[in-house]
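Let's take a friendly walk through the charged side chains of this protein. Keep the sequence and the structure open as you read.

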Amino acid sequence: MSRFLTLALALVLPLAFASCFEKSTVIKVARDGSGIVHVREYSATKDKEEDVELPDESELEARAARMGAGVRLQSVKKSINSKGWHGTEVIYEFNDINGLVLHGSDPKDEEDQDAEREGGGKEDMHFQFTMKQGVLEVVAVDDRWRDSAGAAGAAGNDDSPTIDPYAGTSGPRASGIKVTSTAFDMNGEAWKSMSRGMRIGIFIQIDEPLAETNSRYANGSLFTLLNADMEAITKSGELGSIEELDGRSRGEMRELVDRVDGFEMELQEPVRFVFE
């Protein structure tokens with residue numbers, strides 16, 4: 001299967017395998033630039049722990065390597081969210097966020113991985129991180145964006161190392177749901193049912209005091225880089241298909257963010273977090 005590397009298609013890929021899908025990625029960073037990447041994935045189709053299959057550690061280690069040379073796998077476990085959906089939690093750790101690159105999608109087959117290693121990989125939306133003298137800068141980057149200047153809730157569990165951005169949000173109870181051929185018709189009942197509670201997001205968590213930030217999306221110590229609430233996006237009626245979330249330039253992406261309810265993306269160049 002070919003890789004979906006534009007933002008819109010990166011969102012579609014996991015949805016093709018599970019309805020009422022929820023995925024959040026939280027980057028928790030300390031003043032010294034060290035931190036963790038905490039990835040939570042849940043599906044309403046998985047209402048029992050035995051429905052969940054843990055990914056191979058070799059696969060997770062490959063994902064860690066793709067995020068940067070200094071990123072390593074810390075742990076993986078089965079988990080359950082506040083709605084009763086089962087899934088997984090994977091935690092990666094890093095010593096220096098300057099080496100971190102967070103991609104919008106993962107290569108899914110050997111052909112994609114070989115192309116990437118040879119420098120001929122397909123276009124990819126990703127976030128780059130730069131930290132110097134207590135100032136963290138984050139930029140969303142896409143090779144197709146020619147107007148870019150370039151890059152420089154409560155936790156679900158008390159012992160969770162990061163805040164769960166979607167804890168306490170609404171959604172159907174966990175239950176098996178079949179995906180039909182008409183599931184991606186945004187005006188159809190199948191899609192409207194499947195998109196209930198469907199969310200995908202990438203977030204920064206900073207628990208230490210900040211002197212200033214220009215972030216547009218702040219919720220306590222949690223800051224949004226990307227949040228796609230598919231139920232809200234569908235209800236907005238602004239889009240006929242998910243592919244319309246794929247802006248061809250940074251300007252087009254800003255227009256989508258301003259126009260479409262439920263779609264947030266930090267597009268400043270850069271968004272800055274200045275530690276005290």
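Is Glu238 buried, exposed or partly exposed? In this predicted model, Glu238 is partly exposed, because its relative accessible area is 36%. Its salt-bridge partner is Arg259, and the closest N and O atoms of the pair are 3.2 Å apart. Glu238 sits in the loop between helix 5 (230-236) and helix 6, while Arg259 belongs to helix 6, so this contact ties together parts that are 21 residues apart in sequence. Arg259 is also partly exposed, with a relative accessible area of 29%.

Stay with helix 6 (residues 250-259) for a moment, and look for Asp258. The side chain of Asp258 meets that of Arg216 in a salt bridge, with 3.7 Å from N to O. Arg216 comes from the loop between strand 9 (210-213) and strand 10 (218-219), so here the parts tied together are 42 residues apart in sequence. Both Asp258 and Arg216 are exposed.

Now turn to a pair with another setting. Arg199 and Asp229 form a salt bridge through their side chains, at 3.6 Å from N to O. This pair links distant parts of the chain: Arg199 is in strand 8 (residues 199-205) and Asp229 is in strand 11 (residues 222-229), 30 residues apart. Arg199 and Asp229 are both buried.

How values were computed: Residues are numbered from 1 along each chain as its sequence is written. This is a predicted model: local features need pLDDT of at least 70, side-chain atom pairs count only at pLDDT 80 or more; totals for chains, interfaces and linings use all residues. Side-chain values use heavy atoms; hydrogens and water are left out. A salt bridge is a side-chain nitrogen of Lys or Arg within 4 Å of a carboxyl oxygen of Asp or Glu. Helices (H or I, at least four residues) and strands (E, at least two) are DSSP runs, numbered from the N terminus. Buried means under 20% relative accessible area, exposed over 50%, partly exposed in between (1.4 Å probe, protein chains only).
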